[in-house]
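Thanks for coming. I will go through one structure today, beginning with a term we need and then moving to the details.

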Amino acid sequence: MTNIEIPVRAPAATSADDTIQPFEVAALDLRGRVVRLGPAVDEILARHDYPAPVAKIVGEAVVLTILFGSALKFEGRFILQTQTDGPVSMLVVDFTTPDRVRACARFDAARVAEATAGGDDGAGALIGRGHLAMTIDQGPTTSRYQGLVALEGGGLEEAAHEYFRRSEQIPTRVRLAVAEEFRSGADGVRHRWRAGGILLQFLPHAAERMRGPDLDPGDAPEGMEPAVVPEDDAWVEGRSLIETVEDIELIDPAVSTERLLYRLFHERGVRVFRSVAVRAQCSCSRDGVASMLKSFSRDDRADMVEDGAISVTCEFCSANYRFAPSDIEDDS
Ligand SMILES: [Zn+2]
């Protein structure tokens, strides 16, 4: 895991933390979003007290989910979920429009410690192999849309690229960064998580310009060489610029989103749109947990009673709800 040293600085008058900043580079037909997270990601990760390499992956998944979920043009939820054979066997991040995010992970602490000790604690190694599912949920009256992509030992950035290449066929690049900031003060050393990311997409008016060597030859007859279509120059320029983005530029609050975008695209002209705030907030509630418990049979509920009460802890936010068995009698 790379540790990034974040310079100590005076607090800025206006913080860009916990924001989503959409932008456009019209001259290159590029559109994208930058996400910067301070307190929101720290709140999510601090609640769980995950080992640092696990927290870092959850942070990346949070950024990726916000980058995707904030594109929804309607009210709904965007859910990112992994299921894999690695030490971090499951990640779930849930973005509810317009601005709420929550996240949790399941992991095997012994296997994480083993991987970390062996120096193999990158996201790809910890996640392992399996799949990444992205679900859009517009509420109970509409059907869910789900996209699946294989995870094959690469990290989440790689999976995101694969998803867009296969499912959406929109040339897309994503960069994700997460780091822990340490600051010593009178009360000892305090650490806080920060995270950031950028998503760039090539969306020309003429769809054939989106073609590139990446595109699957589809059902071409066997033995036929796929035609090599060169990538569009505008997209090559865009993705080359994104590859120069350093983690620190996505995380350091002293580098504003505008400054980053200006550095990347000033020669072409970049337009930023109104930024949107994002916050860490769980959607669990005592009523919600109670109705979930009511959906179990009386016998199953009886098995859940310990020390005279049923205790349920929310996996996302660690909130604990305790009920006396009599609180959850069937209404009927
Ligand atoms: Zn919760």
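A disulfide here is a pair of cysteine sulfur atoms within 2.5 Å. By that rule, the count for this model, which is predicted, comes to zero disulfides.

There are cysteines to talk about, though, at the zinc ion. Which residues are its protein donors? They are Cys-282, Cys-284, Cys-314 and Cys-317, each through its SG atom, lying 2.3 Å from the zinc ion. The angles among the four donor atoms run from 102 to 114°, and the site is tetrahedral. For reference, the ideal angle for four tetrahedral donors is 109.5 degrees.

Along the chain, the donors follow the spacing C-x1-C-x29-C-x2-C. Cys-282 and Cys-314 link distant parts of the chain, 32 residues apart. Cys-282 sits in the loop between strand S12 (279-280) and helix H9 (286-294), and Cys-314 in the loop between strand S13 (310-313) and strand S14 (320-323).

Buried or exposed? Both Cys-282 and Cys-314 are buried. Cys-282 counts as buried because its relative accessibility is 15%, under the 20% cut-off. Cys-317 is also buried, at 12%.

Ser-318 is in the loop between S13 and S14 too. Its phi is positive, about 65°, although Ser-318 is not a glycine. At 34% relative accessibility, Ser-318 counts as partly exposed.

Asp-18 likewise is not a glycine and has a positive phi, of about 60°. Asp-18 is in the segment before strand S1 (19-25) and, at 12% relative accessibility, counts as buried.

Last, the backbone at Pro-98. The peptide bond from Thr-97 to Pro-98 is cis, with omega near -5°. Pro-98 lies in the loop between strand S4 (88-96) and strand S5 (100-107).

Conventions: Residues numbered from 1 in each chain as written. Predicted model: local features only at pLDDT ≥ 70, side-chain atom pairs only at ≥ 80, totals over all residues. Heavy atoms only, no water. Donors = N, O, S within 2.8 Å, 3.2 Å for Na, K, Ca; no water. Tetrahedral: all angles 85-135°; square planar, octahedral: opposite > 155°, others 65-115°. Helix = DSSP H or I, 4+ residues; strand = E, 2+ residues; numbered from the N terminus. Buried < 20%, exposed > 50% of the residue type's maximum accessible area, 1.4 Å probe, protein only.
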